[in-house]
Amino acid sequence: MSTGTTKLDVVVSDVVPVNELVTRFHFRRRDGELLPTFSGGAHVVVEMRDGERTRLNPYSLMGSPLDTREYTISVRRDDVGRGGSLFMHNSVKPGLEMVISYPVNLFSLDLRAKKHLMLAGGIGITPFMAQTAQLAGEGGNFELHYTCRTASLGTYADVLRERYGRRVRLYHDDLEERIELDRLLSSQPLGTHLYVCGPAGMINWVRDRAAALGWPPETVHYEHFAAPQPGLPFDVTLAVSGKTIQVGEQQSLLEAIEAAGVDPPYLCRGGVCGQCETNVISCDGKFIHNDHWLSEEEHRSGRKIMPCVSRFEGNSLVLER
Amino acid sequence: MAAKTIISRPIYGTLSPQPGKHHLFIADAEGALAIADMAAKAPSGFFEGAEIVFIPGPDGKYVAALEALKPAQFHTAPSFASLLPRLKQTLTNAHMGLRLYLAGTEGLIGQAMQVALEAGIDHTSMQTEHRGSLARRMQCVHCKGITENVTTQPATCSHCGLLLLVRDHYSRRLAAFQGVCINAEDRSEIPPMEEAFP
Amino acid sequence: MGITFRKETFRDDFTFRNSPEHIRRFPFPFHEDSYMYAVNIEPHVVGPKGSVLENLIDVDEHYVAEMQDRALVLAEDPLRCQSLPHMTLAGWDLLELLMEQQALGYPEHFTLERNGDRWRWINRPLGIDDTFTFGDTSTLPYGPMEYITRQSQGDFCILDQRDGNLWMDAGMVTTQADWSLDFDIGMNFFEWHAPVPLAHEKGIFVRALKFLINIQQGKPARRLNWTMTINPRLDTSPENYHKWGPDRTTVTPENVGDKVHLRVELQSFWRLPRSNGIVFPIRCYLIKMDELVTQPKWARRLHRVIRDLPEELATYKGLTRFRPTLVEWLSKLDDGSPTSSGFGPD
């Protein structure tokens, strides 16, 4: 049996510009019922019907898990991306009926932690909005360090400071404020868990320093949904369904497979959950792996690919789909 | 060691130096040799951030060998029970970046791990190396009593007296193997007792 | 029309019986004439009316008696219900799930009124009417998991999900097939299954774990497991093995039909919303051989399954002592004619 999520029929109940790059979207159920409860760190996959195209993008839920009358997500506009964020910013208005997935959590709090240390960069703040709300409700011990480019782009920094006071520390790039990471990581009590969400560079920096300073990997949690990268078009043969398809420049391999009427299971569409893992039957060319799921060995083997984020360049590729 | 074992049976490795700011070693008897062997592979200055807590065996050997490593702190204790208050205090005040190394008998490794788990250290991040006796700590599943230093199969529960099969099934939380009545269905069946965990 | 709850015991005089309707709804676990482990997991969706799957959390005629038996076990040994400190939130998740499902399936017996976080729970069969604050442990007589599982049939294991594994960090286990929560609590998926023979080698648990960690909210799954028990005893714990173990020596050709019970576990798996944990209810159904063989297809099939069971499995399930007597008795009800495929009686 395949896993996968149940869908929710929702209506956009509000669209709120937060700053020059970020807009917040509110969803309620069309039938007026409460939405499913979720846990801090969960995301939903939003289906965007853009003319002929369907885009499916994951966004972290940022509301309080204690309030399920509505879900809220925040979308940062990416002018050079594949168009999902532009569609949200330009075409999604209050009253629009949309379909989203049930919440899925791939960035869960470790509730055994004696303390939760959170590091956010830019729009990576969104899962922490929900996690801090959840922990505050239970009297949990947390501390949030949030880096943003400028004060005006510090999405929700004001809200967080107001809610949690000194438990939130802000760092502004334009003022050359920088987290004293080594000192921060060396002064945490035993039993602390570390969470980081932000740009890939920040995640790698934090993970590297934590490892060097003796933080065991089980205590370091990170969420980085790789957005599918555009690339050269390529042809793929789907051996099971007997189809040959072309993957467009702005399309992911998974989207191209779906457009051909084949539906592999998925949860995150960001190279994290492992659901859409696909066997390679034969290939002549090279893979561009962008996922966090397969091991390096599997990447080198050329026998598996995560079609949600990874691509191919070469003469021929046959997949077991 | 038993040839055929099961997944819950702990697997011990070989101590190796970990990245970190502080290194806490807990060892008994021949466990000292595991620390000495590791020291040969450790980067210079490694023991400047290290504390070694050692329970010597009855022969009192290896104390000098450990002292020679010049750890920042060195402490000997006559038994695990006697070092427990100190260990708990150390862990309470410790920061992330502390790494734990456990070497010696299974009972020592298990009990030290049990305390460290409660302090918030994940078991997979602890370095362990088994040296010395294979004697087991065993929990009687019936009366819940722990029998120390079990070397026979089956073994008699030192609390309720039932004759127990010493299983390979192991609980980190209890730091003990499971003992289950071997002749529960027919008490007149008394299997021979053999030396199994020397 | 409500359920008529039976007055019966699962110990001492063993007055447990199934009514004829309950015999027909028994979840017979063999869909063919042989048995081997498999990853037999399927979506836990509502099944036919009159089956144990009519509701996703099943309540049956044994409910009141089972809850009384659980209370007796807990009075003797409180360690059968434990929750590690970080599992309280998951306990509230479970309380919500069981109250909602029982009220949905059996409105004549259970009512849940929610007014914000102020909840009222009415359990008519057990005479309970409590108002409490959801999330506030001080407003309930027990922790949330213990409170609701003292009112729900079956054992419950709550699993914490982290580091790509599932950890058994809480549970209410009083009707188990010979495993100890007190010993296994805190173990991961592979560790607590360690004593199961054959299945590790077949990669069963690796595949099962992969499936379970991807269970999604609103999409529960289920599987069946089985063993055999002498006398309709719910509490076949290792803790009391020295007390019930001797039962296995009491089976004779004359009493097989009354003493030997097929014990089927309907295991289901649910994602818990607030804690992101998984709850694993293990619902136990018992049927004595005399009741089971009233369905000729089941009699023929059970004979073939037990006769051909690999020795390791028979040993693990504790059948060794009475298997020959049971097979001999069942063989007289097996004329060798074919059985129809599927679980149900003909």
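Q: Starting with chain C, what share of the 346 residues in it is buried?
A: Buried residues come to 44% of the 346 in chain C. Keep in mind that this is a predicted model.

Q: Okay, and what's the radius of gyration of chain C, and what would a compact globule have?
A: Chain C has 20 Å, and a compact globule with 346 residues would be near 20 Å, so the two agree.

Q: What does the C-alpha trace of chain C span along its principal axes?
A: About 60 × 45 × 40 Å.

Q: How many helices and strands are in there, for chain C?
A: Chain C comes to 13 helices and 10 strands.

Q: And the contacts in chain C, for residues at least 6 apart in sequence: what percentage join residues at least 24 apart?
A: That's 71% for chain C.

Q: Let's pick a helix. How many residues does H3 of chain C have, and how far does it reach?
A: H3(C) covers residues 88-105, which is 18 residues. From first C-alpha to last, H3(C) reaches 26 Å, close to the 26 Å expected at 1.5 Å a residue.

Q: Why call H3(C) largely enclosed by the rest of the structure?
A: Because 13 of its 18 residues are buried. The cut-off there is 20 or more other C-beta atoms within 10 Å of a residue's own.

Q: Switching to where chain C meets chain A: how many residues are in contact?
A: On the chain A side there are 21 residues, in contact with 17 residues of chain C.

Q: How do the residues on the chain A side divide by class?
A: The side of chain A that touches chain C has 9 nonpolar, 8 polar and 4 charged residues.

Q: While we're on chain A, in which sense do S3 and S4 pair?
A: Antiparallel, over 8 bridges, with S3(A) at residues 42-50 and S4(A) at residues 53-60. Within that pairing, A:Arg49 stands opposite A:Thr54.

Q: What's the turn of that hairpin like, and which residue takes a positive phi?
A: There are 2 residues between the strands S3(A) and S4(A), and A:Gly51 takes the positive phi, near 60°.

Q: Now chain B. How many helices and strands?
A: Chain B has 4 helices and 12 strands. Its radius of gyration is 18 Å, close to the 16 Å from the globule rule for 198 residues, so chain B is as compact as a globular protein of that length.

Q: And its span, plus the buried share?
A: The C-alpha trace of chain B spans about 60 × 30 × 30 Å along its principal axes. Of its 198 residues, 43% count as buried.

Q: What are the domains of chain B?
A: The domain assignment gives domain 1 (22-130) and domain 2 (136-195). Their centres, taken over C-alpha atoms, are separated by 29 Å. The contact between them takes 8 residues from domain 1 of chain B and 6 from domain 2 of chain B.

Q: Which classes are on the domain 1 side of that contact?
A: The side of domain 1 of chain B that touches domain 2 has 2 nonpolar, 5 polar and 1 charged residues.

Q: Last one: H4 of chain B. How many residues does it have, and which are buried?
A: H4(B), residues 106-118, has 13 residues and reaches 18 Å, close to the 18 Å expected at 1.5 Å a residue. The buried ones are B:Glu106, B:Gly107, B:Leu108, B:Ile109, B:Gly110, B:Gln111, B:Ala112, B:Met113 and B:Ala116.

Q: What follows H4(B)?
A: B:Gly120, with a positive phi near 100°.

Definitions and conventions: Residues are numbered from 1 along each chain as its sequence is written. Chains are lettered from A and ligands numbered from 1 in the order in which they are written. This is a predicted model: local features need pLDDT of at least 70, side-chain atom pairs count only at pLDDT 80 or more; totals for chains, interfaces and linings use all residues. Two residues are in contact if their C-beta atoms, placed from the backbone, lie within 7 Å. Ala, Val, Leu, Ile, Met, Phe, Trp, Tyr, Cys and Pro count as nonpolar, Asp, Glu, Lys and Arg as charged, and the others, Gly among them, as polar. The radius of gyration is taken over C-alpha atoms; the globule rule is 2.2 Å times the number of residues to the power 0.38. A residue is buried if 20 or more other C-beta atoms lie within 10 Å of its own, exposed if 12 or fewer, and partly exposed in between; C-beta atoms are placed from the backbone. Two strands pair if DSSP finds at least two bridges between them. Domain bounds come from an automatic or database domain assignment. The expected span of a helix is 1.5 Å times one less than its number of residues.
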